[in-house]
Amino acid sequence: MHTSLSPSAAPAPVDDIDAFRATIVEKLVYAVGKDTQHALDRDWLVATSLAVRDRIVGHWMDATRRTYRDGSKRVYYFSLEFLIGRLLFDALSHLDLTDTARAALADLGVDLDRLRKLEPDPALGNGGLGRLAACFMESMSTLQIPAYGYGIRYDHGIFRQVLKDGWQMELPEEWLSSGNPWEFERPESTYTIGFGGTVEVVPNDDGTTRSVWHPADSVKAVAYDTPITGWRGAHVNTLRLWSARAADPLSLVDFNRGDHVGALAERVRLEAVSRVLYPSDETPAGHELRLRQEIFFASASLQDLLRRHLQQHGDLLSLPDHVAIQLNDTHPAIAIPELMRLLVDEHQMPWELAWDIARSVFSYTNHTLLPEALEKWDVPLLEGLLPRHMQIIYLINAQHLDELRARGHDDVRQLAAVSLIEENDRRHVLMGNLAFLGSHHVNGVSALHTELMRQTVFRDFAALYPGRIVNKTNGITFRRWLHQSNPGLTDLLVEAIGPEVLADAGRLRELERFADDAPFRDRFAAVRRANKIALGRLVAEQLAIPLNPDAIFDVHIKRIHEYKRQLLNILDTIALYHEMREHPARDWVPRVKIFAGKAAAGYHAAKLTIKLANDVAKVVNHDPVVRDRLKVVFLPNYNVSLAESIIPGSDVSEQISTAGMEASGTGNMKLSLNGALTIGTLDGANIEIREHVGAENIFIFGLLADEVAARRKAGLDATATIAASPALAEALEALEAGRYSSDDPSRYRGLVDGLRHRDHFLVTADFDAYRAAQRDIDTLWRDQSAWWRMAILNTARMGWFSSDRTILEYAREIWNAAPKAG
């Protein structure tokens, strides 16, 4: 991927070092309020961040002025998650300031790498959805596409995961406890968001009527801006996050009566909107809070972009020419009726014109085929919390169904399938259907996922609106996931290919010619070993478990979910452990099984999987028979920074979801880019990875998506399958007997019973094929030349998976937004 800027590998000039050192000291004194003699590491981190931020702001303002001057179309990326990771090294790398900052701080007796570890990860996401949004924002800046990311500034994120006796415990994130040097509060950009109340029909002077919503309560949305820098600072976009603020900080009457807690109750209730990502929806209050979050950020973002458009262009008729709104999954879909409310009720636009404009600006990315992730809201909840929006949804739906009937589509089943209202025992609004109907394009995120969308959840929509569903396979930003995460490998690539590889991911292909170069393979392997030693130090610090760097580091890092099948990996680990104990004298290939990931707070099956991984680790890691030939570790509180530590030291990438259930995956791309070999099903982007790296350079196993569907249709009882697999049967019997849970022998009996009789995710059906693929990996490891040849080819052939490529496809084929670079 070419950009308009060339990389720079020249050492930092002394003048730059002196100037940057002076800026850091100035920030330390005048912004932090400390002198160099008494400053703590945290003070130096803030001062350095502010000094770097100053360099960014000039580029940021230049980019904003250019956008206004050129009248460029803006992309507005609506997402509940932006998992942006630590920003200091990201900004230093993009501005080519890493060596300058390191030298400047060294002169002051400060270690830049020590400061790096102090920076908290912004708690703004949970998994792939949020990390994808962050990669896309960075690529839009690199390609100089004017853009805003819109989301929520969560005070406490989803949660900080700690392990207590192997069980996941959830604590609030505290990433904002010491402030955030990267953001700018924008109190002038504050909008009122209403909830509840009534809708009044008011007559107009011309005899028509209009609807006026009178909310029962409201909260203020206050903007906080973070600059998102592109490659070499050529363009900087804005991540604008909303924080909830009650109009009244407290009830002074109640406070003066002595009810000091009650005086704050209303503020606490209203400001809960931006406290936590994905509050548990197991209670009615939690369910309502999630809907409040979605309308909160959608309404504030729409009000903001409409204000900006009117300020620059004067009227709203030209909105489609200058605005493209991308809905990242169904969470922001409430933005569609909210835009209609704003256009029709607030700006007095005729309904038909407003609907044409809405469908011209919105596009929707679907990320899942799981029914529970395709949101739906109880009609009574929407009627009570957002009465005007419910009226608008009813009208959109009625006109939609009437139009279909007028076109001759009168099949009752088909009309029910494409209705926005689910008419069952309890009526629901189907947000996936709303997002589809209100968007001009709907995209999947891998070839298989997109095809399955056409065949399953949106089958009837696809038949009625051919061509609306398109594919945009996900990508990752190589700047973070290679250049910053794996500097040793990056230096080797630059030496072999040239510095142009930093700016052009396509140049990675030139690495292929080194795959058969024995000295280069040795250097590639040495970089990996150094990364594994570093990862081993991290594991020892956190868990006090020593790791053998000459073992295969087999990595399974992702959100814990049954369809991602961490359980399959654990069961194979148990079977391998049993075999090692039975044959201790055999020449075993040593393994380290590394797990990391969070389970949703209310997802009990996923939390039990975490406990199982830790129970297995406790048994295996303390068994002198297997020694360092098998270790199991579960690293807590998985986030971007932890991923940056794990991925460069990974040998094997576990991508073993039940076929047809993973939309894409991006962890598979990050790991393969860094030379890890994938073991996976033909699911999500694994299919495209196989196409690019070559079927001979990836370990594919298991049922295909259509075979999964057929197997489920035939029944989920796995008794016969388990009986036919002695290793699996022994592993399950050990779990059932309590061999891995001596404190509670019955802990896993329900899990085993579920696998025997209700194996929806087909763990047992794929077990033997997975186990055979793992033994093939052992065989390959014994041939180190072949292993490193395959690893090099994986890195060399991953250039297509750059998020720059993905964003160019969105820009040209969905947004009609011209990049200035690329």
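**A chat about cores, helices and buried residues**

Student: Which residues touch the most other members of the largest nonpolar core?
Tutor: Phe78, Met140, Phe296, Ile325, Phe362 and Trp815, out of 151 residues in that core. A nonpolar core is a set of buried Ala, Val, Leu, Ile, Met, Phe, Trp, Tyr and Cys residues joined through side-chain atoms within 4.5 Å. Buried means under 20% relative accessible area, exposed over 50%, and partly exposed in between (1.4 Å probe, protein chains only).

Student: Which helix gives the most to this core?
Tutor: H9, with ten residues. Helices (H or I, at least four residues) and strands (E, at least two) are DSSP runs, numbered from the N terminus.

Student: What should I know about the model itself?
Tutor: It is predicted: local features need pLDDT of at least 70, side-chain atom pairs count only at pLDDT 80 or more, and totals for chains, interfaces and linings use all residues. Residues are numbered from 1 along each chain as its sequence is written, and side-chain values use heavy atoms, with hydrogens and water left out.

Student: Back to Trp815. What does tryptophan 815 touch?
Tutor: Lys73, Val75, Met140, Ala324, Gln326, Ser363, Ile807 and Tyr810, not counting residues up to four places away in sequence. Contact means heavy atoms within 4.5 Å.

Student: What other core lies apart from that one?
Tutor: One of 112 residues, among them Leu482, Phe520, Met580 and Ile610.

Student: New topic. How do the axes of H9 and H11 cross?
Tutor: At roughly 45°, coming within 9 Å. H9 covers residues 284–313 and H11 covers 335–346. Axes are lines fitted to C-alpha atoms, for helices over the stretch in contact, and angles run from 0 to 180 degrees between N-to-C directions.

Student: Which residues make the contact?
Tutor: From H9, Ile295, Ala298, Ser299, Leu302, Gln303 and Leu306. From H11, Ala335, Glu338, Leu339, Arg341 and Leu342.

Student: Now lysine 472. Is lysine 472 buried or exposed?
Tutor: Buried, because its relative accessibility is 3%. Lysine 472 is in the loop between strand S16 (469–471) and helix H19 (478–484).

Student: What is lysine 472 in contact with?
Tutor: Leaving aside neighbours within four places in sequence, Asn443, Gly444, Val445, Thr806, Glu809, Tyr810, Glu813 and Ile814.

Student: And where is glutamine 566 found?
Tutor: In helix H22 (residues 566–582). Glutamine 566 is buried, with a relative accessible area of 2%.

Student: Last one: where is glycine 58?
Tutor: In helix H2 (residues 41–70). Glycine 58 has 34% relative accessibility, so it counts as partly exposed.
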